[in-house]
Amino acid sequence: MGLRERKKEKTRLAILDAALDLFLEQGYETTTVEQIAGSVEVSARTFFRYFTSKEHVVLWFHDNSEELLTEALEECPDDEPPYTALLRALRTMMQVFREATPEENERFLKMQQLLESNPALAGRSVARGVETERRLAVEIARRQGLDAETDQLPHLVVAYAMATIRVGFECPRPKVTNTQEMLGRVEACLALSERSFLPGWDLAG
């Protein structure tokens, strides 16, 4: 990043951190954009240069994860079996998370805490995840020469992979509060998923 880009990213993260702290301290619904902006000494107009709304702040992690995952999938060879390619992309994304700074880990855990304490936000997070799955299905379909609008296979491939991630994050209880332990649990679930399918199940025709 150049100096200007680093400055913008610093402002974005400052707004994000302030918003998470306020959401957890006084509640998501009662926190205003003006309060978030004021806590980092910027204007509401500046806030909207980085986030379209309070909800966008909460879903920022989805945006970031989708970008990482999409880029990783696009780098996989087109002739690689689709489920294998998708799991490879997921592992690449997990590695980025594994190399996160302590500040990034704390940010992620705060987001998890916020979603767990607010069912409405959790529902919006799930809906945002569905959007990601649809876009991934389009890429999987392209790899196999299929039409994501009419063929079920690409959607099934993506659904299995993303369900694996969800199980890795959420099960078994009790929940973990350490991101490295959480990522290890996700990796274990990915390995379990790989051994659960016969080779070739994900190929068209």
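Helices (H or I, at least four residues) and strands (E, at least two) are taken here as DSSP runs, numbered from the N terminus. The model is predicted, so local features need pLDDT of at least 70 and side-chain atom pairs pLDDT 80 or more, while totals for chains, interfaces and linings use all residues. Residues are numbered from 1 along each chain as its sequence is written, and side-chain values use heavy atoms, with hydrogens and water left out.

Helix α6 (residues 102-117) has 16 residues and, at 1.5 Å a residue, should span 22 Å (1.5 Å times one less than the number of residues); its end C-alpha atoms are 23 Å apart, which agrees. Asn105, Arg107, Met111, Leu114 and Leu115 are the buried residues of α6 (buried is under 20% relative accessible area, exposed over 50%, partly exposed in between; 1.4 Å probe, protein chains only).

Asp78 and Arg142 form one at 3.1 Å between the closest N and O atoms. Asp78 is in the loop between α4 and α5 and Arg142 in helix α7, so the pair ties together parts 64 residues apart in sequence. Arg88 and Glu80 also meet in a salt bridge (2.4 Å, N to O); Arg88 is partly exposed at 44%, whereas Glu80 is buried at 11%.

Notes. Salt bridge = Lys/Arg side-chain N within 4 Å of Asp/Glu carboxyl O.
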